[in-house]
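Here are my notes for anyone opening this structure for the first time. Have the viewer ready and follow the points in order.

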Amino acid sequence: MLRLVARILIATILSLVIVLATAWAALALWYRLPGPEYLRALAGCVFVILGIVAIIALFTRRMFRGPAAFLIAFAALLFWWSTIRPPAQADWAPEVSRQVTGTVNGNVLTLTNVREFEWRGKTDFVERWSTRSYDLSKLQTADLFMSYWGNPNIAHVIMSFGFEHDQYVAWSIEVKRRVGGAFSPIADLFKSDPLVIIAADERDVIGVRSNFRGEDVQIYRLRAGPEAARALLLEYVADANALSTSPEFYNSITTNCTTTVVKMMRAVGDVVPFDWRLIVNGYLPEYAYDHGALDKSYSLADLRARAHIDERANAAGLSQDFSRLIRVGVPSPAEKNAN
């Protein structure tokens with residue numbers, strides 16, 4: 001009797017594993033197998049049939065011999081999957097077509113391919129890229145921007161670094177999509193698009209979201225002093241340089257704009273335990289507040305109320321004073337400590 005129960009338990013556990021592996025394999029074939037839709041659908045269906053046969057076999061006398069065909073097919077698929085690399089060239093959308101790189105000489109950080117588009121509408125812009133230098137000895141602040149476009153559980157995360165005289169450079173980790181392409185959280189789990197790190201003027205990467213796309217953009221000023229901000233900024237530079245020589249795929253869970261948060265928390269001197277809010281990233285302000293990255297002399301509700309920049313951004317337009325005006329009334333623990 002105990003042997004039968006153990007056999008059923010093992011078969012059930014293995015069935016769940018096969019179900020998950022089958023679902024992943026079918027989606028991987030659908031999104032990445034070269035060829036027309038019918039061929040990709042057929043390949044996915046074949047894998048589903050193999051999975052069903054393997055699960056049925058687990059509950060027969062051929063418990064371990066039955067799934068052999070599935071295991072062989074899955075191993076072959078994993079080998080094929082490991083050979084897929086990000087494309088070096090494609091018809092990239094202009095706003096994500098260039099990867100920023102940086103060099104440090106003493107206290108001078110020089111960034112190449114800084115984006116400073118002049119936006120006139122959601123898709124209407126004047127394309128500009130520049131090379132800029134920043135004095136790291138004048139770095140003062142690090143700010144977290146959250147941009148919500150519909151679902152309050154999901155947001156795009158942007159980090160911005162402030163220097164003396166209201167000079168800012170914002171960093172955005174994005175999908176390097178092709179012209180006409182669109183962001184798809186499911187597709188981007190399956191090596192659909194490369195990753196790109198953008199360094200940009202705030203009037204560009206923040207302004208297009210608040211003033212033209214109608215997104216709910218919020219700013220949270222971090223409890224990160226100049227040394228911590230410098231360490232975090234240089235991590236961005238190192239990641240950007242590495243990406244320029246070794247391209248990676250964007251992944252909606254493991255390699256995306258939220259991976260910033262781990263570095264952000266380390267920058268303010270905290271450990272980074274796993275938390276569901278690192279995946280459901282619309283709740284990152286709560287996560288940051290709980291771990292002391294924000295000004296706790298205010299309630300989180302007060303910080304959230306002050307964080308919305310849209311009204312100030314639209315009033316400012318994309319003027320030269322944009323960065324200063326969107327921060328009016330937003331508490332900055334780093335500036336408070338400096339004073």
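1. Let's begin with strand 7, residues 156-163. Eight of its eight residues are buried, so strand 7 is largely enclosed by the rest of the structure. Keep in mind as you look around that this is a predicted model.

2. Which residues cover the two sides of strand 7? One side carries His156, Ile158, Ser160 and Gly162, and the other carries Val157, Met159, Phe161 and Phe163; all of them are buried, and both faces are covered.

3. Now for the neighbours of strand 7. Strand 6 (residues 139-148) runs antiparallel to strand 7, and eight bridges join the two. If you want a spot to check, Leu139 has Phe163 of strand 7 as its bridge partner. Strand 8 also pairs with strand 7 in the antiparallel sense, this time over six bridges. Here you can look at Ile158, whose bridge partner in strand 8 is Ser172.

4. The turn from strand 7 to strand 8 deserves a quick look too. This hairpin has three residues between the strands, and His165 takes a positive phi near 65 degrees there.

5. Zooming out for a moment: the protein chain has 12 helices and 10 strands. Its C-alpha trace spans about 75 × 45 × 40 Å along the principal axes. Of its 339 residues, 46% count as buried.

6. Next, the aromatics. The structure holds 16 aromatic pairs. One of them is Trp24 with Trp81, an edge-to-face pair at 5.1 Å centre to centre, with 75 degrees between the planes. Trp24 belongs to helix 1 (residues 2-32) and Trp81 to helix 3 (residues 68-82), so this pair ties together parts that are 57 residues apart in sequence.

7. How exposed or buried are these two tryptophans? Trp24 is partly exposed, at a relative accessible area of 26%. Trp81 is buried, at 11%, which puts it under the 20% cut-off.

8. Trp81 has another ring partner: Phe190, again edge-to-face, at 6.4 Å centre to centre and 80 degrees between the planes. This pair links distant parts of the chain, since Phe190 sits in the loop between strand 8 (167-175) and strand 9 (195-200), 109 residues from Trp81 in helix 3. Like Trp81, Phe190 is buried.

9. The charged end of Arg327 lies over the ring of Tyr168, 3.7 Å from its centre. Over the ring of Tyr289 you'll find the charged end of Lys296, 4.9 Å from the ring centre.

10. Which residues make the nonpolar surface patch of about 540 Å²? They are Met1, Leu4, Val5, Ile8 and Phe59. Met1 is placed in the segment before helix 1. With a relative accessible area of 78%, Met1 is exposed, in contrast to strand 7, where eight of the eight residues are buried.

Definitions and conventions: Residues are numbered from 1 along each chain as its sequence is written. This is a predicted model: local features need pLDDT of at least 70, side-chain atom pairs count only at pLDDT 80 or more; totals for chains, interfaces and linings use all residues. Side-chain values use heavy atoms; hydrogens and water are left out. Rings of Phe, Tyr and Trp (its six-membered ring) pair if their centres lie within 6.5 Å; planes under 30 degrees apart count as stacked, over 60 as edge-to-face and the rest as tilted. Helices (H or I, at least four residues) and strands (E, at least two) are DSSP runs, numbered from the N terminus. Buried means under 20% relative accessible area, exposed over 50%, partly exposed in between (1.4 Å probe, protein chains only). A charge sits over a ring if NZ of Lys or CZ of Arg is within 6 Å of the ring centre and within 35 degrees of the ring normal. Patches are made of residues with over 30% relative accessible area and no salt bridge: like charges are joined within 9 Å, nonpolar side chains (Val, Leu, Ile, Met, Phe, Trp, Tyr) within 5 Å. Accessible areas come from the Shrake-Rupley method with a 1.4 Å probe; for residues, only the protein chains shown count as cover. A salt bridge is a side-chain nitrogen of Lys or Arg within 4 Å of a carboxyl oxygen of Asp or Glu. Two strands pair if DSSP finds at least two bridges between them.
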